[in-house]
Amino acid sequence: MPSVCLIDLKSGLPAAFPAPCDFVLALGNFDGVHLAHRALLTATVKKAASLDGCHSAVFCFDPPSSDYLFRNGGEHLSTLREKLDMFFACGIEYAFLADFPSLRDMTAEQFIEQILRKMCRAKAVVCGFNFRFGQGGKGDAAMLAETLGELYTEIIAPYSVQLPNQTEQTVVSSTQIHAALRQGDVDAAKLMLGQPYALTAPVVRGKQLGRKLGIPTINQYAPEGKLLPAAGIYITRAKIGENWIGGVSNVGVHPTVDKQAALNCETHLLDFDDNVYDRVVTIEFIKRLRDEKRFETVEELRKTIAGDIQKATEYFNQ
């Protein structure tokens, strides 16, 4: 039997499975839980409320199916924890987490009958216009509507936004957000996500290179599979406890002072010098300032960073 786990999002713990209730299921990968995903999740919550005895849930794969289907599918916009938190914030009550390898050879018909109807007790489903499922991706939204009935299948149309310096609307998708972040375009990513792109990770001990320059920093490495924006310097803000603190972050490898460093995110926090080692901190990427570059001297690097800090200070003072 395929491996499927049911998570109660309110507690964050596994729930009794199979569950003794019917569900309206949101179907998808939900990488990034962007604006189009949120429209789908909102429709799921609304539909569950309209059907007696139904609860809202998400069905997705963990690890994501893209890890198995695409050669470069291992970098994602959100970790599982981030996804679950966003599902709950959108009003979803439960999440079905499935193992893709155990389902990938199922036909579309088997997936509907054995997984959606029998295992997940789906009374109704909500999916995007381009949702595919079953062996070879032969199942689609139209097949769901034909099998489950149009009253119990809601298909979400493309969701579009106007991006900077573009004359036409762009359909929001995880692929588009990936492309924007790989170019360092955090403005476009924010418009499609509905919020700034963020990294949440523990603060680790670095080589104290920033402190030696008189510019103390916190160092973080992305969780496995989490995409970092393109190497460069960004205006950011950090959530430490319940407080947000402005900062400047370098995503890269510090080519001037450490030629053997691994890719990480190093952040100087404005007017903040507390010890936050080993604490989990969220960094939001607000605006790209420049590319990462190698300087001829450390003094030239110091002056350039001081200019970056000044720009960040002016941004937050506005």
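In the predicted model, D8 stands opposite Y94 of strand β5. Strand β1 (residues 4-8) and β5 pair in the antiparallel sense over five bridges, where pairing requires at least two bridges found by DSSP between two strands. Strands (E, at least two residues) and helices (H or I, at least four) are DSSP runs numbered from the N terminus. Strand β4 (residues 54-61) pairs with β5 in the parallel sense, also over five bridges, and F61 stands opposite A98 of β5.

Five of the five residues of β5 (residues 94-98) are buried, so this strand is largely enclosed by the rest of the structure. Buried denotes under 20% relative accessible area, with a 1.4 Å probe and protein chains only. In a regular strand, side chains alternate between the two faces of the sheet. Both faces of β5 are covered, with Y94, F96 and A98 buried on one side and A95 and L97 buried on the other.

The axes of helix α5 (residues 108-119) and helix α6 (residues 141-148) come within 11 Å and cross at roughly 60°; axes are lines fitted to C-alpha atoms over the stretch in contact, and angles run from 0 to 180 degrees between N-to-C directions. The two helices are therefore oblique to each other, a class left after angles under 35 degrees (roughly parallel), over 145 (roughly antiparallel) and 65 to 115 (roughly perpendicular). In α5, A108, E109, I112, E113, L116 and R117 meet M143, L144, T147 and L148 of α6, contact being heavy atoms within 4.5 Å.

Residues are numbered from 1 along each chain as its sequence is written. Local features need pLDDT of at least 70 and side-chain atom pairs count only at pLDDT 80 or more, whereas totals for chains, interfaces and linings use all residues, and side-chain values use heavy atoms, without hydrogens or water.

Conventions. Buried means under 20% relative accessible area, exposed over 50%, partly exposed in between (1.4 Å probe, protein chains only).
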